[in-house]
Amino acid sequence: MKYIDEFRDGALARKLVADLEIEAERLSRRVTLMEVCGTHTMAIYRHGLKPLFPEKVRLVSGPGCPVCVTPAGYVDMAITLARTPGVIITTFGDMLKVPGSQTSLVKERGAGRDVRVVYSPMDAVETAKSSPDKEVVFLGVGFETTAPSVAAAILTAKREGVKNFTVLASHKVMPEPMEALTKGELKIDGYICPAHVSAIIGERGYRRLAEVYGVPCVITGFEPLDMLRGVIMLVRQIAEGRAVVENEYFRVVKPEGNVKAQAILADVFEKSNAVWRGLGPIPDSGLAISPRYESYDAMKKFKLSEPDVRENPACLCGEILKGLKEPLDCGLFATACTPENPVGACMVSSEGTCAAEFRYGERSRANA
Amino acid sequence: MCVAAPMKVVEVGEYSCVAEIDGVRKSASIIALEEVKVGDYIMVHAGLAISKLDPASAEETLRLMREIVATEKRNDEIH
Ligand code: SF4
Ligand code: SF4
């Protein structure tokens, strides 16, 4: 068992598609399912799943890419730091092209600022250790999946007495925006819940969605067979008029999640209000560094505050992140806005909806 | 950034381990897992092992996928 190939078996996929068709026949109307996670969006495009779904099952993408929902004001703060003498910016590669209000980190790097891509926040701590005369700032973006690795880096810096390492944190949590979307304009009939966010938070995080709002939730893995089976489970719940949290991905996601990671998060961070690019402010949807660890908080150390920046009004990212519009509805798509020169954030990260459409869209439409 | 992969543990230290996928080795922090042994499969995300894979559950998932109730039902109706 390698945990990958087994879940890409084509013959089994065809059987699951047939099964999905039968399940869908039981639906009395067309239903809208949302995959909130960018990696699901990408998997759906990459494996050409969209054309396989029956007429009655519509899939829309949600706000599940942390890069996509990072506001321009945050990028501006990172750029202010990049321009501060003696500062090294360390970041995941997908943050480089995110447009701020004027420029981006990749352009700043071109202009000679020290902006370095790292594979993990731990590598940023190593950078700090090997550059004791510099200030190393890590750009902490990401959901519950990524936040523990940033928390772990802060704990490592503390344990090892590293004093020139800070995090510019803009972490976000998933259940709150899902709840906000549920109350929004789009009627969402079911959620494909994020796989690895769930590995941390467990099933509990979605319970309110099912119990209070009556929206079925299925935690689903990223392999094609997982996704097909997750959709079948959702359709079955809808057809039977049930709304519960089910876990298709139990080989990785425990019902209670990762309790140790939850403890690390609760130690290093605290809940905060956060602004989502395209969605606006959502109460309690962010994670800020706790005052206990404020010496690792770049906002405090460099006395920054997040500017309020207006986004390009022609960009439809906000509507796309809410599942109300699709990339082809945007006048800038593939013309003014391309992966090389993104206008909106959905085009930046490889798993943003516009980027996935740009890369795989024609193929998946041709197959349709 | 959000790409996590199942990797096989090849070496275990106090706070971190070395894990491998397709011949590529990377180190991963193990502070969020209870107990990690050489040969375990772990899900690594941004340098942190976030979960250990459970082989019995993986087998069970595959079994559930093969056991396609609705398809069989339809076949019964046809025959
Ligand atoms: S095509 Fe570009 S500008 Fe339009 S919605 Fe997508 S990311 Fe935004
Ligand atoms: S594009 Fe990057 S940030 Fe967005 S979901 Fe994918 S890996 Fe995560």
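These legends go with close-up views of a predicted model.

**View 1**
For the complex as a whole, the predictor gives an ipTM of 0.80 and a pTM of 0.87. Chain B comes out with an average pLDDT of 81, and 81% of its residues score at least 70.

**View 1. The shell around ligand 1.**
Which residues surround ligand 1? Cysteines in the shell include C315(A), C317(A), C330(A), C337(A), C346(A) and C354(A). Also surrounding the ligand are L316(A), I320(A), L332(A), F333(A), G344(A) and M347(A).

**View 2. The six-stranded sheet of chain A.**
Here six strands make an open sheet with mixed pairing, in the order β4-β3-β5-β6-β11-β10 (chain A). β4 (115-117) and β10 (269-276) of chain A sit at the edges with a single partner strand each, so one side of each has no neighbour in the sheet. From one strand to the next, the twist averages 25°.

**View 3. Where β6 meets β11 in chain A.**
Strands of a sheet pair through backbone hydrogen bonds, either parallel or antiparallel. Strand β6 (residues 165-172) of chain A and strand β11 (residues 280-289) of chain A run antiparallel, joined by two bridges. To find your way into β11(A), look for L287(A), the bridge partner of H171(A).

**View 4. Two helices lying across the sheet strands.**
Helix α5 (residues 121-130) of chain A lies across β3 (87-91), β4, β5 (135-142) and β6 of chain A. Relative to β5(A), helix α5 of chain A runs at about 170°. Helix α7 (residues 175-182) of chain A lies across β10 and β11 of chain A, at about 175° to β11(A).

Is strand β1 (residues 31-35) of chain A made of buried or exposed residues? Five of the five are buried, so the strand is largely enclosed by the rest of the structure. Both faces are covered: buried V31(A), L33(A) and E35(A) lie on one side, with T32(A) and M34(A), also buried, on the other. In a regular strand, side chains alternate between the two faces of the sheet. β1(A) runs parallel to strand β2 (residues 57-61) of chain A, and five bridges join the two. One pairing to look for is E35(A) with its bridge partner S61(A) in β2(A).

Technical notes: Residues are numbered from 1 along each chain as its sequence is written. Chains are lettered from A and ligands numbered from 1 in the order in which they are written. This is a predicted model: local features need pLDDT of at least 70, side-chain atom pairs count only at pLDDT 80 or more; totals for chains, interfaces and linings use all residues. Side-chain values use heavy atoms; hydrogens and water are left out. A residue is near a molecule or strand if one of its heavy atoms lies within 4 Å of it. pLDDT is the predictor's confidence in each residue, from 0 to 100. Two strands pair if DSSP finds at least two bridges between them. Helices (H or I, at least four residues) and strands (E, at least two) are DSSP runs, numbered from the N terminus. Axes are lines fitted to C-alpha atoms, for helices over the stretch in contact, and angles run from 0 to 180 degrees between N-to-C directions. Contact means heavy atoms within 4.5 Å. Buried means under 20% relative accessible area, exposed over 50%, partly exposed in between (1.4 Å probe, protein chains only).
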